[in-house]
Amino acid sequence: NIALAIGLRANSPAFYTPPSSFRIYAWRWHHIALERDLGRIKSSLSLQKRNICAPNSDGPINRERLANAFAFVIKSNWLVHDWVEENLFIPFVLSVCGESCPSQHVLHRISRERTQLALARERLRSRIDRWVAERYKDVDSCERDAMRLSFAVSMLRSQAQSAFNTSERAL
């Protein structure tokens, strides 16, 4: 089961509801969790490509599970992270930082990086959806596309790490 291999509850739909109370640790925890989960998806694409691309009936099912796992990471982790950051963390930091507040230039750079990251995330989600929908005639083509997706997930992970490091240093 691909979902178990990457440690995500991929088959359960998750819709984010903002918390009723503020939890500052959630911001940093979500950085770490996103990096971890993207690494797991990348590993599954690389290491499980035979199962994901199997010519029998399990191949498409396993690709669908992987797409569900990626969607789960976005809905249950990434959107929570973004909500906490935009609605709780940054306003909180700005309300208590006094003289040491980050400049508007720094806040704009963080916002720009987040926008670029969200666009990259959505492009990857679209690529994964197209990969799932593809009806492969041979395993090799599917495996090549799985490796390309693995690389794309790795690039998204690196981009996320860079953006998170920038905001952690600034805030």
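Colleague: What makes C53 and C142 a disulfide?

Modeller: Their sulfur atoms are 2.1 Å apart, and a disulfide is a pair of cysteine sulfur atoms within 2.5 Å, so C53 and C142 qualify. This is a predicted model, where local features need pLDDT of at least 70, side-chain atom pairs count only at pLDDT 80 or more, and totals for chains, interfaces and linings use all residues. Residues are numbered from 1 along each chain as its sequence is written, and side-chain values use heavy atoms, without hydrogens and water.

Colleague: Which parts of the chain does the pair link?

Modeller: Distant ones: C53 sits in the loop between α3 (49-52) and α4, and C142 in helix α6, 89 residues apart. Helices here are DSSP runs (H or I, at least four residues), numbered from the N terminus.

Colleague: Why is α4 called roughly antiparallel to α5?

Modeller: The axes of α4 (residues 58-96) and α5 (residues 104-133) come within 10 Å and cross at roughly 170°. Angles over 145 degrees count as roughly antiparallel, so α4 is roughly antiparallel to α5. Axes are lines fitted to C-alpha atoms over the stretch in contact, with angles from 0 to 180 degrees between N-to-C directions.

Colleague: How do you know that the span of helix α6 agrees with its 32 residues?

Modeller: The expected span is 1.5 Å times one less than the number of residues. For α6 (residues 139-170) that gives 46 Å, and the end C-alpha atoms are 46 Å apart, so the two agree.

Notes:
Helix = DSSP H or I, 4+ residues; strand = E, 2+ residues; numbered from the N terminus. Parallel < 35°, antiparallel > 145°, perpendicular 65-115°, else oblique.
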